[in-house]
Number of protein chains: 2
Amino acid sequence: MQISMHAMSHGVFKKALSQLLHVMDKGAANAKARNFDVSVLVNSRLAPDMLPFARQIQLTSDFAKNSMARLAAVDPPKFEDFETTMDELVARVKKTLDYIDSIPADAVAGSETRDIKIALRDRTLEFKGLEFLQLWALPNFFFHHVTAYNLLRHNGVDIGKRDFLGR
Amino acid sequence: MQISMHAMSHGVFKKALSQLLHVMDKGAANAKARNFDVSVLVNSRLAPDMLPFARQIQLTSDFAKNSMARLAAVDPPKFEDFETTMDELVARVKKTLDYIDSIPADAVAGSETRDIKIALRDRTLEFKGLEFLQLWALPNFFFHHVTAYNLLRHNGVDIGKRDFLGR
């Protein structure tokens, strides 16, 4: 395997999402072992004006899904943010893995020079594909992924960096 | 600029470390405005058995520095972990930026197939350079970077994702 836009997007997201599933499993098991409802974790926040765990997972999913779609120049499927339970969030992450696996590496080839526009509430960001991956897709993905991990860790779930990284 | 091992390591670390400096500045200013000693932030933790902010910054620095060195097949300089104040931590991040800027892109070219070994306490990890970047360097770097951000955010510092991402 050589370096490519696909290797540096799909290759990063796939492993990280698999580890996220593992960490979520440990969160659910921990709630059971400590005899509290796992919805406490799902609704937990690191600060009153931060997004709760459920939204962190949905956004981790969205940054993987939408980034792969944009690099492949296809419209990303819309995943409705209906999840309110850990099981539903696990299914969301699995659906995200299926989607990113469905994008052929060929479709992402050469995307480093592709023009990518991101419409925000108040402005539109314009990137070349390489910059999009370096400064938008990867940082945003890890921002929400690590925050989800930190939420569980903060709440006493028995996870460590090896659970986050794998192997 | 085309995709390369240098673009996907240096190009990610440089922007992220610059934003980290910005976030640290806001942390220091916030402590001043709320009239508490910034060392409270420097020593804060998200859980009693997690590393404090100072160590999160040192590790963010180490993963950028050591990863660039390994990809360039040179010995990384050892940065002693002596920092106990926000000013010293800011200097550490600036020193890290200087170091990663000192590695020529040419030295990293072709590192995707380089053998890289990481000695841990209890075992040695072996990677090809591409895998090292995908599964070790980037996830570890963001793990500590986002945790440092979350520590400030949890403690009420007025930062948001735009401070983390920049632009």
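1. In this predicted model, the largest share of the lining of the largest pocket comes from α3(A), which supplies eight residues. The space in the largest pocket amounts to about 1000 Å³, and of the 37 residues that line the largest pocket, those closest to its centre are A:Leu59, A:Phe63, A:Leu120, A:Arg121 and B:Lys161. Both chains therefore have to be kept in view when reading this lining, since at least two residues each are supplied by α3 (53-71), β1 (115-119), β2 (124-128) and α6 of chain A, and likewise by α6 (129-154) and α7 (161-165) of chain B. By class, the lining of the largest pocket holds 17 nonpolar, five polar and 15 charged residues.

2. The second largest pocket has a volume of about 650 Å³. Among the 26 residues that line the second largest pocket, B:Phe63, B:Ile118, B:Ala119, B:Leu120 and B:Trp136 lie nearest its centre. Here α3(B) gives the most to the lining, with eight residues, and the elements that each supply at least two residues are α7 (161-165) of chain A together with α3 (53-71), β1 (115-119) and α6 of chain B. The lining of the second largest pocket divides into eleven nonpolar, four polar and eleven charged residues.

3. How are the two chains related to each other? Chain B is superposed on chain A, with an RMSD of 0.0 Å, by a rotation of 180° with 0.0 Å of shift along its axis, and that is the relation of a two-fold axis. The interface agrees with this description, because 100% of the interface residues of chain B are also interface residues in chain A, so the copies meet through the same surface.

4. A:Asn140 deserves a careful look by a reader new to the structure. A:Asn140 is placed in helix α6 (residues 129-154) of chain A, and with a relative accessibility of 0% A:Asn140 counts as buried, because that value is under the 20% cut-off. When its neighbours within four places in sequence are left aside, A:Asn140 is in contact with A:Phe63 from chain A and with B:Lys161 and B:Leu165 from chain B.

5. Are the two partners buried or exposed? A:Phe143 is buried, with a relative accessible area of 6%, and B:Phe164 is buried as well, at 3%.

6. A further aromatic pair, this one edge-to-face, is formed by B:Phe141 and B:Phe142, with 5.4 Å centre to centre and 75° between the planes. B:Phe141 is buried, with a relative accessible area of 0%, and B:Phe142 also counts as buried, at 1% relative accessibility. These two residues belong to a cluster in which ring pairs link A:Phe13, A:Phe141, A:Phe142, B:Phe13, B:Phe141 and B:Phe142.

7. A:His10 lies in helix α1 (residues 5-33) of chain A. With a relative accessibility of 12%, A:His10 counts as buried, because the value is under 20%. Leaving aside its neighbours within four places in sequence, the contacts of A:His10 are with A:Met68, A:Ile100 and A:Asp101.

8. Two residues of chain B may be checked for their backbone angles. B:Asn35 has a positive phi of about 60° although it is not a glycine, and B:Asn35 is placed in the loop between α1 (5-33) and α2 (39-42) of chain B. With 72% relative accessibility, B:Asn35 counts as exposed, because this value is over 50%. B:Ala73, likewise a residue other than glycine, has a positive phi near 60°. The place of B:Ala73 is in the loop between α3 and α4 (86-102) of chain B, and B:Ala73 is exposed, with a relative accessible area of 57%.

How values were computed. Residues numbered from 1 in each chain as written. Chains lettered and ligands numbered in written order. Predicted model: local features only at pLDDT ≥ 70, side-chain atom pairs only at ≥ 80, totals over all residues. Heavy atoms only, no water. Least-squares fit on C-alpha atoms with pLDDT ≥ 70 in both. Contact = heavy atoms within 4.5 Å. Helix = DSSP H or I, 4+ residues; strand = E, 2+ residues; numbered from the N terminus. Buried < 20%, exposed > 50% of the residue type's maximum accessible area, 1.4 Å probe, protein only. 1 Å grid on protein atoms, 1.4 Å probe; cavity = no way out; pocket = protein on both sides within 12 Å on 5 of 7 lines; lining within 4 Å. Points joined across faces, edges and corners; volume = space filled by probe spheres on them. Nonpolar A, V, L, I, M, F, W, Y, C, P; charged D, E, K, R; others polar. Phe/Tyr/Trp six-rings, centres within 6.5 Å; stacked < 30°, edge-to-face > 60°.
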